[in-house]
Amino acid sequence: MAAALEEARRAAELGEVPVGAVVAHGDRIIGRAGNRTVTLQDPTAHAEILALREAAAALGSWRLLGATLVVTLEPCAMCAGAIVLARIERLVYGPDDPKAGMCGSLENLVEDPRLNHRVDVVRGVRAEECGDLLRAFFRARR
């Protein structure tokens, strides 16, 4: 989570919503990113999507079997769908997102038994620290 928080802080420095993500495979990080929707003017440039793309390039495969994705906020519907499609083994995230979270808050796409892949989920890791970063960012914008 420390590496994901680093990415979130970098995103905040760019004026992006401070969400960071890293993909680990074995003992190494193979993908990392912070949000870049504003910078790239791309609605799909969420930290999770960018980190998944980098990880897929590093492995030379879109199937990220055995990989863990660590994110500083519960993923949205788009990111949750990408996590399932990428065959991520484990998702670790900070605070729940009651307004957009699709890994347990609004729905639970990543553990839906109707899908062909389910993800092991660990919730609430360093949630307070991740949440503080988000709250400070939005407080400064008001």
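Contact means that heavy atoms lie within 4.5 Å of each other. This report concerns a predicted model, in which local features need pLDDT of at least 70 and side-chain atom pairs count only at pLDDT 80 or more, while totals for chains, interfaces and linings use all residues. Residues are numbered from 1 along each chain as its sequence is written, and side-chain values use heavy atoms, with hydrogens and water left out.

**Helix α3**

Helices (H or I, at least four residues) and strands (E, at least two) are DSSP runs, numbered from the N terminus. Helix α3 covers residues 47-59, and its end C-alpha atoms are 18 Å apart, which agrees with the 18 Å that its 13 residues should span at 1.5 Å a residue; the expected span is 1.5 Å times one less than the number of residues. Its buried residues (under 20% relative accessible area; exposed is over 50% and partly exposed in between, with a 1.4 Å probe and protein chains only) are A47, E48, I49, L50, A51, L52, A55 and A56. The cover over these buried residues includes β1 (20-25), β2, β3 (67-71) and α4 (77-85). After α3 comes G60, which has a positive phi near 70°.

R32 belongs to strand β2 (residues 28-34) and counts as partly exposed, because its relative accessibility is 29%. Leaving aside neighbours within four places in sequence, the contacts of R32 include A51 and E54. N35 lies in the loop between β2 and α2 (37-40). With a relative accessible area of 9%, N35 is buried. Not counting residues up to four places away in sequence, N35 touches several residues, among them A11, A45 and H46.

The table gives polar contacts of these two side chains. A polar contact is a pair of N or O atoms within 3.5 Å; within protein, one must be able to donate a hydrogen and the other to accept it, and residues adjacent in sequence count only if both atoms are side-chain atoms.

| Side chain | Partner | Distance |
|---|---|---|
| R32 | E7, side chain | 3.2 Å |

**The largest pocket**

A pocket is an open set of points on a 1 Å grid over the protein atoms alone, where a 1.4 Å probe fits, with protein on both sides within 12 Å along at least five of seven lines; lining residues have an atom within 4 Å of a point. The largest pocket is lined by 23 residues, of which V17, V19, L73, D97 and L134 lie nearest its centre. Helix α5 (residues 127-141) supplies the largest share of this lining, 6 residues.
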